[in-house]
Amino acid sequence: MLKYAKVINDTTKACEVGLGTNASFYQSLGMTEQEVEQAYNGAWYLKGYAPQKTLAELKEAKRAEINAARDAAEQGGFEYMGKVFDSDLISCQRISCAAQAMQISALAAATPTITWTCQDNTTIELNPSELLGLVGALAAWSNSCHIKATALKEQIEACQSAEALAQISWDKGE
């Protein structure tokens, strides 16, 4: 991109760049219009000289991206009995506690049900067996998120170029 710039390191071609619109001020500082680019670390260079992240650094960033997407998906909700249930940390804890309480009640020869509020704020009555099924569905959902993340991270490790790495994303994963 064309900006007012002044080379401050002849070896690396690092530049000071004028980011505003006051051309006469930048010219008074010895800047001239030049083609520049911004590096991944925010520094400016003449076009073609900006350092690039190494493939190892790009892979590390991509793994962090996949982990964040996995965590968001895992805590975003899952389907069971035709309803979507919350799966954030508090909901997981509530599901587990409710299942334990149901088991205790069932042992006391009661046949309790619990009214559970789903992600869309509708409710569903769950008996002890269904509540245990909910725990299983939650575990299966969590496991599927981790399996997907592991497969994507294997693809990341196999990449030999930044271009191939850029093609990997949670949304494109299977």
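Predicted model: local features only at pLDDT ≥ 70, side-chain atom pairs only at ≥ 80, totals over all residues.

Student: Okay, how many residues are in the largest nonpolar core?

Tutor: That core has 15 residues. Those with the most contacts inside it are Phe78, Phe85, Trp116, Leu126, Leu131 and Leu134.

Student: And which helices and strands each supply at least two residues of it?

Tutor: Strand E5 (78-80), strand E8 (123-126), helix H3 (89-107) and helix H4 (128-158) each do that.

Student: What does leucine 134 touch, leaving out residues up to four places away in sequence?

Tutor: Phe78, Tyr80, Phe85, Ile95 and Leu126. There's also a second, separate core of ten residues, and Ala73, Cys145, Ala149 and Leu165 are among them.

Student: Switching topic: arginine 70, buried or exposed?

Tutor: Arginine 70 counts as buried because its relative accessibility is 13%, and the cut-off for buried is under 20%. Arginine 70 sits in helix H2.

Student: So what's around that side chain?

Tutor: A polar contact of 2.9 Å links the side chains of arginine 70 and aspartate 71.

Student: Where is alanine 68, and why does it count as partly exposed?

Tutor: Alanine 68 is in helix H2 too, which covers residues 55-74. Alanine 68 is partly exposed because its relative accessible area is 47%, between the 20% and 50% cut-offs.

Student: How far apart are alanine 68 and tryptophan 170?

Tutor: In sequence, 102 residues; in space, 9.5 Å from C-alpha to C-alpha.

Methods
Residues numbered from 1 in each chain as written. Heavy atoms only, no water. Helix = DSSP H or I, 4+ residues; strand = E, 2+ residues; numbered from the N terminus. Buried < 20%, exposed > 50% of the residue type's maximum accessible area, 1.4 Å probe, protein only. Core = buried A, V, L, I, M, F, W, Y, C linked by side-chain atoms within 4.5 Å. Contact = heavy atoms within 4.5 Å. Polar contact = N/O pair within 3.5 Å; in protein donor to acceptor, adjacent residues only side chain to side chain.
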